[in-house]
Amino acid sequence: MPHPMSVELENVTVTYQEKVALHGVNLSLKSGSIVGLLGMNGSGKSTLFKTIMGFIRPRIGRVQIEGLPISVAQKRGLVAYLPQTEQVDWQFPVSVYDVVMMGRYGYMNVLRLPRPVDRRMVQESLQRVEMWALRNRPIGELSGGQKKRAFLARALAQQAKILLLDEPFNGVDVKTERAIIQLLMELRNLGQTILVSSHDLVSISTFCDQVIFINQTILAYGATAEVFTPENLTRTFGGILPPLPWRGDV
Amino acid sequence: MGLIHGLTAPLQYEFMVKALVLSGLVGVVCGVLSCYLTLKGWALLGDAVAHSVTPGVVLAYVLHIPLAVGAFVFGVGSVLIIGWIQSQTRLKEDTVIGLVFTGLFALGLVLISKTPSNVDFLHILFGNLLGIATPDMIQTVGIGCLTLVVVFVLKNDLLLFCFDPTHARSIGIDITRLYYILLTLVSLTIVVALQAVGIILVVAMLITPGATAYLLTDRFDRMLMLAMLCGLGAAVLGTYLSYYWDAATGGCIVLMQTLWFLLAMGLAPKYGVGRRV
Ligand SMILES: Nc1ncnc2c1ncn2[C@@H]1O[C@H](COP(=O)(O)OP(=O)(O)OP(=O)(O)O)[C@@H](O)[C@H]1O
Ligand SMILES: [Mg+2]
């Protein structure tokens, strides 16, 4: 039997009330790849993430994770999701460490008592995003970029096979961004599947194996070298070719 | 009269021992739950459930079934009705909550006035700690302990549910289940606290300790401990006060809660009003 695709969408259409946000989306992401998701504001990137996570039900079509329905995949801890904006109460009495530990709950028994392996993973994740020094801060007393990094650490601590990152670099400084990209490439080499949206075209084109261009439907999808072309960029970004330090002789 | 004597002398009366044990338990259970209610922003919902149980208690009395059953059915039922009205109309949540609980409370008052021997029901409205009968006491202790055990087993799941339900869902935790569990715990706690302070003051027990503790710490575990201590201290001291002053027990307990809160608000190192003085 062939191994099922990491993430598979078949003819997915999503509507908000009557407004169409996505239509006819077909995707199959295979494991061990980093896939970039590019599109204008309102093109449906976040909607695609929420649909994969099962937070929005498609009007038509089907989503599968490793050949399983999303609810089953979530119970098995197969997916970690970093939303574009966290809908949490920032006044909550929890520390950065506590928040990252929440990423490990899926591995713990019903009492959710951390074991040494959980503490080790939390420490490692916090160190990778350079937040270990701030581990005891209340979550609300962080800067915007630091908050993003704390929640990224939580997603990493989940050790999920599939990482869904909605604009993880938004508000994150260059140095941290480099470190995170480095880390994502290591995870990819270990066989994880990473879907990442961004508005930073240059950096996406350097570390993604594949890119998806989206505007309510998939405009182009394939290996970066093949689909990252001026035509596709112009088509995706409303007739304007975004300024790029263009590689090679295109 | 020495302090020690003042504290021990009332213990020769069985009713005082029962009252202290019960109020202490109520204080602890309510203290724990109040942390979740303050963090989740369910203060108004808690008040609504507390008032909505009134008709349930009266009907249970008339039908000779345990009062806790009637209270529980109407407590959870009121929240279901609130959710249903909200999904069917364009009204905001606090409006719907106000509508539903006043309606049910009014129904309770009418039922009380039409039921013979309505003296008993005054106890439900205002509490009757010093006169509680043994079967009621056993039932209350049982429910209180059960609630405590469930909260401590699910402590972290409930915390995650209040803090970040999206993440809870994405790791496969059933948040609808947690919602109903928390709601059930609130209803059961209200049943327990009714005996002590009565329907009208229950919500104070379910909010004030959590609010006090929230001003004192940034750590959830400490918040739980502090809220439990506040609840316990207020309940026990309030019961003594009511004995010596011959004043309403529920009122004395809630006054002690309010006193803790005012102290915390004035003196809390980080979040108190005097922090920069
Ligand atoms: N909750 C909602 N209700 C109704 N319409 C929505 C909702 N969320 C998004 N939309 C609409 O769906 C479309 C896609 O939104 P989405 O958030 O997926 O865009 P995006 O590609 O993530 O944009 P951005 O780059 O700004 O994050 C937009 O036109 C938006 O207005
Ligand atoms: Mg978005």
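K270(B) is partly exposed, with a relative accessible area of 37%, and in this predicted model the residue forms a salt bridge with E141(A), the closest N and O atoms being 2.8 Å apart. E141(A) lies in the loop between helix 4 (116-128) and helix 5 (144-157) of chain A, whereas K270(B) belongs to the segment after helix 13 (249-267) of chain B, so the pair joins two chains.

**Interface between chain B and chain A**

- The contact draws on 25 residues from chain B and 32 residues from chain A, and the two chains bury about 2,400 Å² between them, with 58% of that area on carbon and sulfur atoms.
- Of the area that chain B buries against chain A, 26% is supplied by F163(B), S170(B) and I171(B), which is more than any other three residues supply.
- Between chain B and chain A, eight residue pairs are in polar contact, with both residues at pLDDT 80 or more.
- On the side of chain B that touches chain A, at least two residues each come from helix 7 (134-153), helix 8 (155-163), helix 9 (165-170) and helix 12 (220-245) of chain B, and helix 8 gives the most, with six residues.
- By residue type, the side of chain B that touches chain A divides into 13 nonpolar, six polar and six charged residues.
- Helix 8 of chain B is mostly covered, as nine of its nine residues are buried; among them are the charged residues K155(B) and D157(B), together with F161(B), C162(B) and F163(B).

**Salt bridges across the interface**

- The rule finds three salt bridges across the interface of chain B and chain A, while the structure holds 13 salt bridges over all chains.
- In one salt bridge, the side chain of R112(A) meets that of D157(B) at 2.5 Å, N to O, and D157(B) is one of the buried residues of helix 8 of chain B.
- The side chains of D164(B) and R154(A) also meet in a salt bridge, at 2.8 Å from N to O; D164(B) lies in the loop between helix 8 and helix 9 of chain B and R154(A) in helix 5 of chain A, so this pair joins two chains.

**Magnesium site in chain A**

- The magnesium ion (ligand 2) is coordinated by S46(A) through OG and by Q84(A) through OE1, at 2.0 to 2.1 Å.
- S46(A) lies in helix 1 (residues 45-52) of chain A and Q84(A) in the loop between strand 5 (79-82) and helix 3 (96-101), so the pair ties together parts that are 38 residues apart in sequence.
- S46(A) is buried, with a relative accessible area of 17%, while Q84(A) counts as partly exposed at 34% relative accessibility.

**Salt bridges within chain A**

- R188(A) forms a salt bridge with D209(A), the closest N and O atoms being 2.7 Å apart.
- Because R188(A) lies in helix 6 (residues 174-189) of chain A and D209(A) in the loop between helix 7 (201-207) and strand 8 (210-214), this pair ties together parts that are 21 residues apart in sequence.
- R188(A) counts as buried at 15% relative accessibility, and D209(A) as partly exposed at 29%.
- R104(A), R115(A) and D118(A) are joined into one network by salt bridges that share partners.

Key: Residues numbered from 1 in each chain as written. Chains lettered and ligands numbered in written order. Predicted model: local features only at pLDDT ≥ 70, side-chain atom pairs only at ≥ 80, totals over all residues. Heavy atoms only, no water. Contact = heavy atoms within 4.5 Å. Buried area = accessible area lost by both parts, 1.4 Å probe. Salt bridge = Lys/Arg side-chain N within 4 Å of Asp/Glu carboxyl O. Polar contact = N/O pair within 3.5 Å; in protein donor to acceptor, adjacent residues only side chain to side chain. Helix = DSSP H or I, 4+ residues; strand = E, 2+ residues; numbered from the N terminus. Buried < 20%, exposed > 50% of the residue type's maximum accessible area, 1.4 Å probe, protein only. Donors = N, O, S within 2.8 Å, 3.2 Å for Na, K, Ca; no water.
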